[in-house]
Amino acid sequence: MAEAGLPTEAAAEGKPGGPSPESVPSGTTISRVKLLDTMVDTFLQKLAAAGSYQRFTDCYKHFHQLQPEMTQQIYDKFVTQLQASIREEISEIKKEGNLETVLNSLDKIVEDGKNRKEPAWRPSGTPEKDLCSVLAPYFLQQRDTLRRHVQKQEAKNQELAAAVLAGRRQVEELQRQVQARQQAWQALHRERQELAAVLKEPE
């Protein structure tokens, strides 16, 4: 019969899609992504068990009596498409919410927290004190960062000032050289004029 090839509700519940709590060794940590996939697989199997072939045929007894094979095909196709549609919707939700990255980050936070020796932060019950304890380290870090930026900027300003001073000295030196050459040229010009005047004097 067609019903013989289908899993019963007990069999469906006994075969979840992922590792069951009994099959996981003690002390083993399962990632939240795998737990989510296991929950989805278990849900789909229980959904198929809840809508078993027997219950399906009970709703369509007359058609099942006339076309048992087609009824089986319709049921199989319906269950397959239903499960595929649910998986597709869940995949879209995981993609839109970036759930895998978020869950993996949460796993990492939990693992890192296991290695911490200092006690985790807990609210004291006084909002002002809690706010200061959280914001004070942040503001101190920002202050140190600003100080480093100021020191770097001051060092750059000193370098620029030294470069400007060196440039001014070069300009002054060039001006002195130009002035000295101008004076030398003027002296040479006067000497030429004097020499020309001497050569033109009658004997």
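**Reading a helical model together**

Me: Which residues in α2 meet α6?

Reply: In this predicted model, Arg32, Val33 and Leu36 are the residues of α2 that meet α6, and their partners there are Leu99, Glu100, Leu103, Asn104, Leu106, Asp107 and Val110. By residue type, this contact of α2 with α6 divides into six nonpolar, one polar and three charged.

Me: How do the axes of α2 and α6 cross?

Reply: The general idea comes in two numbers: a packed helix pair is described by the angle between the two axes and the distance between them. Here, helix α2 covers residues 32-50 and helix α6 covers residues 99-114. Their axes come within 8 Å and cross at roughly 130°. An angle over 145 degrees would count as roughly antiparallel and 65 to 115 as roughly perpendicular, so α2 and α6 are oblique to each other.

Me: Stepping back, how many helices and strands are there in the protein chain?

Reply: The chain has seven helices and zero strands, and reading along the sequence gives α-α-α-α-α-α-α. Buried residues account for 11% of its 203 residues. If you take the contacts with a separation of 6 or more, 63% of them come from residues 24 or more positions apart.

Me: Where does UniProt place the "coiled-coil region"?

Reply: The UniProt record, an unreviewed entry, puts this feature at residues 143-177. In the model, that span is 100% helix and 0% strand, and its end C-alpha atoms are 51 Å apart.

Me: Now for single residues. Is Thr71 buried or exposed?

Reply: The idea is to look at relative accessible area, where under 20% means buried. Thr71 has 1% relative accessibility, so Thr71 counts as buried. You will find Thr71 in helix α5, residues 68-96. Leaving out residues up to four places away in sequence, Thr71 touches Tyr53, Phe56, Thr57, Phe63 and His64.

Me: How many aromatic pairs does the structure hold?

Reply: There are four aromatic pairs. One of them joins Phe56 and Tyr60: the ring centres are 5.1 Å apart and the planes are at 45°, so this pair is tilted. Ring pairs also link Tyr53, Phe56, Tyr60 and Tyr75 into a cluster.

Me: Where does Tyr60 lie, and how far apart in space are Tyr60 and Thr71?

Reply: Tyr60 is in the loop between α3 (53-59) and α4 (61-66). From C-alpha to C-alpha, Tyr60 and Thr71 are 8.5 Å apart, with a separation of 11 residues in sequence.

Me: One backbone matter to finish: what is the phi of Asn98?

Reply: First the general idea: most residues other than glycine have a negative phi. In this model, the phi of Asn98 is near 50°, a positive value in a residue other than glycine. Asn98 is found in the loop between α5 and α6. With a relative accessible area of 40%, Asn98 counts as partly exposed.

Note on methods:
Residues are numbered from 1 along each chain as its sequence is written. This is a predicted model: local features need pLDDT of at least 70, side-chain atom pairs count only at pLDDT 80 or more; totals for chains, interfaces and linings use all residues. Side-chain values use heavy atoms; hydrogens and water are left out. UniProt positions are given in the numbering used here, feature names are shortened, and annotations may be inferred rather than shown by experiment. Helices (H or I, at least four residues) and strands (E, at least two) are DSSP runs, numbered from the N terminus. Axes are lines fitted to C-alpha atoms, for helices over the stretch in contact, and angles run from 0 to 180 degrees between N-to-C directions. Angles under 35 degrees count as roughly parallel, over 145 as roughly antiparallel, 65 to 115 as roughly perpendicular and the rest as oblique. Contact means heavy atoms within 4.5 Å. Ala, Val, Leu, Ile, Met, Phe, Trp, Tyr, Cys and Pro count as nonpolar, Asp, Glu, Lys and Arg as charged, and the others, Gly among them, as polar. Buried means under 20% relative accessible area, exposed over 50%, partly exposed in between (1.4 Å probe, protein chains only). Rings of Phe, Tyr and Trp (its six-membered ring) pair if their centres lie within 6.5 Å; planes under 30 degrees apart count as stacked, over 60 as edge-to-face and the rest as tilted.
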